[in-house]
Amino acid sequence: MNQNYDFKNIEARWQKEWIENKLFEVNEEQSKKKFYCLEMFPYPSGRIHMGHVRNYAIGDVISRYKRMQGLSVLHPMGWDAFGLPAENAAIKHGVHPAKWTYENIDYMKAQLINLGLSYDWRREVTTCSPEYYRWNQWIFLKLYEKGLAYRKASFVNWCPSCATVLANEQVIDGACWRCESQVEQKELEQWFLKITAYAEELLRDCDSLTGWPEKVLTMQRNWIGKSEGVEVDFPIDGMKEALRIYTTRPDTIFGVTFMCISPEHPIAERLCEDKEALRRIRQLQREPEVKEGVFTGKYAINPLNGERVPIWIANFVLMEYGTGAIMSVPAHDQRDFEFATRYGIPIKVVIKPERIELSEPLKEAYEEEGVMVNSGSFSGLPSSEGKKAVANYIEQKGMGKKTVNYRLRDWGISRQRYWGTPIPIIYCDKCGIVPVPEKDLPVILPDNVNLTGKGESPLKYVDDFFKTKCPRCGADARRETDTMDTFIDSSWYFVRYCSLHEEEALHREKIKYWMPVDQYIGGIEHAVLHLLYARFFTKVLRDLGIVPFDEPFERLLTQGMVCMESYRCPQHEWLFPKEVKEGKCIHCGSPITVGRVEKMSKSKKNIVDPDEMIEQYGTDTVRVFTLFAAPPEKDLEWSSQGVEGAHRFLKRVYALVYKHHEWLKNTSIGEAETRYLGRLCSLGMTEKSHSEARSAEESPILSLIHRTIKRVTLDIEKEYQFNTAIARLMEFVNEVYGYEPKTDEERIIFKFAIRNFLILLSPFAPNIADELWNAIGYHGFILNQPWPQYDEELAREQMIELVVQINGKVRSKIMISQGMSDEEIVKIALEDEKVKQWIIGKEILKVIPVKGKLVNIVVKG
RNA sequence: GCGAGAGUGGCGGAAAGGCAGACGCGCUGGACUUAGAAUCCAGUGGGGAGACCCGUGAGGGUUCAAAUCCCUCCUCUCGCACCA
């Protein structure tokens, strides 16, 4: 055994051993309970970053822990390999997206292996391989068969910089989520998936996801955005047709003073004489600041009171939601209020608050509930009852119907991009839209393309792809040249991991064994998009008979971001941490300004490269630091001194074992004790005398290791509190660091303690753990060991501090032995000299003992 | 604006309603060393000579006892934001 902690050799050796011995390979074992631990797979951007390291370290601890608990653990990894950056690299550097992607994968895979992560690499999934994406195409065809994939022309978000269409979710504050360019509107024929068909179920099943953070469920519920209301037809004066609106506040219908329709509403052109104004309003559609409108010159009739109200076209009315037309009640809707104020439209109060009086004219809309007034026969009803009453009346009279609306829109999946899954559709002049027959899958993405990064899909110009024959009539036909949104790839990859080979992809038995994922771990940024789509696909696959579950992810852990302060030089802009020495820029010597602690990002250069850290300290140190610095779900502040602290801890562990390793190696402890050195299986059970067995029980080291096992186990079980679990391990090391066992018995106990300590350490720092495991005379891998058991009795400390409070303030602390009754501790407390001084001459009103460890004495005077 | 979460030493963070500050970083002192680094040992919330007093964003409340439960307010972070 080397005297120094040579982490480089240790880590290289054990990582090689693990792979050579197929330690991480796992197959279905029907006799064992399974556990599926999954981390969100990365986009192969080139290098692993600290966010990945944290994500995968968390998953690795859970996987290793569960495996030692005796479960059959599936822990796979793969690559979300389609996407824009590969194409951007191709355009910029002339390298083919496939080459770029596969080279990145090779590099990053080596990095992951270097982190000591326990993946079964036989199951590796790469979404850009035909073996994978053929099933994207297969699922698409099934959706098409069921009418859940359809084509329609619509206005779409167009990013002029990326030259592609964006999903609603990819638009943030009117800008592209990737490059932040201003998004424009463009009309295109698009493929959509009918996720709205599952809106109700996706919403309802949120209630069953008890292992998910409430925050994520709230975001999903809001995203689905269910609302219940009524559609009502307002006849248009002088026209045959009626204007259909949607409202959730039928109780305010008597307060309608005008109507608004979206500028994209089909009737807008016919209603509005001023075409120039209509065009202007259309331009202002995504401007949230100003409410602009134009009066059409036409009037609608309120079906409830016969009032004639003007119809306006307004920029703030969305065509995609409800019916694209609204009834406007300025007294009780803030948006209508602003619009009415701006254009001098009357405001009519029809809801009165219960207690306060509304002072008219209103300063703002009153949107709360109240009592209906000025509402004909409905006057006097509270709003909640009024909503039902008016809705029922409208239905009875055939003026409209109760309706449920969702904010959720169908999922537009067409992308005018090369590096994605081809949509398996053929267009024939005679037969129209023809799906590619299943037997012809996969539709292979051709290699020989010319990438320009401009608007249309480059596949249009690849003749042997684009030009094809109609599978139905054999005539010349054209292929669909759009590719699929890459969110498709990540919507079902967790199912693909269940089977090893392509011929058994979507293998029902294997899926049934492994699915659902027991623990999913990833960033909060996927709270809505990826996680909602994955839930949607799971329900689709269920309806296709492939998965026997409603939900893919049993428990979800959203880990916090990895953050660091940023540095800025007045001359050299943002600086990497290593470009700063003693608060000065190493290039020009100017004093730097320190920015706030925020998410590591390339643009601010507040990043630390995992490779450099591993080179300097080793992967075990990096793992221990990231797990120790903060609980998993909270943000983690990177600290180079903190990393050194973690490294120091591992050096102490190494030094501790090194100091004793010679005799530890030569000391063997019985098989029974190896499993469980506790009261029932103490030394007394072997050939030792009863008195010696008792002394073992009272050994502080034996008690310490049982206590450590207990606390580490509970910390992991209780919401994965790895930071406190590691703190327990540090306490153990601190306590035994200077300890020297003297008797044979003490040596056996010490070996038992070290042995179990190494097992407890192994999920966090697996390399050093296996190294030391072998150094003290064991063979093989800790991962194959069972997780140690603890004994409640022994885990309890023998002596505890009795805290005595007087009127709630701590006045004395007395060492007593553990397990005393409340009567006993009260007696001890009252006899304590310090306590006596405080209560002398005072009346004792009450004495409250707490669980044998605290006494509060309440006195008067 | 709406919704969610969070405010604890110099810092990261601990505390089933029961000793606030575990563990780590930093700092201070000591040991080792020619010296430094590394390592080891001890100390480290604030005030006070001391007995003690004060301390978990602010202010109230419940309780024998509150960082923890309730009310009001402040600050910060995140998400949503014309969804009728």
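Predicted model: local features only at pLDDT ≥ 70, side-chain atom pairs only at ≥ 80, totals over all residues.
Biologist: What is the phi of tyrosine 720?
Modeller: You'll find tyrosine 720 in the loop between helix 21 (700-717) and helix 22. Most residues other than glycine have a negative phi. Tyrosine 720 isn't a glycine, yet its phi is positive, at about 55°.

Biologist: Okay, on to the RNA. Which element gives the most residues to the surface near RNA strand B?
Modeller: Asparagine 723 is a handy place to begin, with a polar side-chain atom 3.1 Å from a phosphate oxygen of RNA strand B. Several elements give two or more residues to this surface, among them helix 7 (214-224), helix 18 (640-666), helix 22 (722-736) and strand 37 (854-860). With seven residues, the top contributor is helix 22.

Biologist: How far is the side chain of asparagine 856 from a base oxygen of RNA strand B?
Modeller: Bases are part of the picture here, but of the RNA atoms within 4 Å of the protein, 62% belong to sugar or phosphate. One example on the sugar side is threonine 247, where a side-chain N or O atom is 3.1 Å from a sugar or linking oxygen. For asparagine 856, an N or O atom of the side chain reaches a base oxygen at 2.6 Å.

Biologist: Now helix packing. Are helix 7 and helix 15 roughly parallel or roughly perpendicular?
Modeller: Two packed helices are described by the angle and the distance between their axes. Here the axes of helix 7 and helix 15 (residues 529-543) come within 10 Å and cross at roughly 75°. Where they meet, Val216, Gln220, Trp223 and Ile224 in helix 7 face Leu531, Leu532 and Arg535 in helix 15. The angle therefore makes the pair roughly perpendicular.

Biologist: Which handedness does the crossing of helix 18 and helix 23 have?
Modeller: Helix 18 and helix 23 (residues 744-761) pack at about 140°, with axes 11 Å apart. That angle makes helix 18 oblique to helix 23. The contact includes Phe649 and Trp663 of helix 18 and Phe750 and Ile754 of helix 23. As for the handedness of the crossing, it's left-handed.

Biologist: How many nonpolar residues are in the contact of helix 23 with helix 24?
Modeller: The axes of helix 23 and helix 24 (residues 766-775) come within 8 Å and cross at roughly 160°, so helix 23 is roughly antiparallel to helix 24. Arg755, Leu758, Ile759 and Leu761 in helix 23 meet Ile768, Ala769, Leu772 and Trp773 in helix 24. By class, this contact has one charged residue and no polar ones, and the nonpolar count is seven.

Terms used: Residues numbered from 1 in each chain as written. Chains lettered and ligands numbered in written order. Heavy atoms only, no water. Near = heavy atom within 4 Å. Polar contact = N/O pair within 3.5 Å; in protein donor to acceptor, adjacent residues only side chain to side chain. Helix = DSSP H or I, 4+ residues; strand = E, 2+ residues; numbered from the N terminus. Axes fitted to C-alpha atoms, helices over the stretch in contact; angles between N-to-C directions. Parallel < 35°, antiparallel > 145°, perpendicular 65-115°, else oblique. Left-handed = near helix turned anticlockwise from the far one by under 90°. Contact = heavy atoms within 4.5 Å. Nonpolar A, V, L, I, M, F, W, Y, C, P; charged D, E, K, R; others polar.
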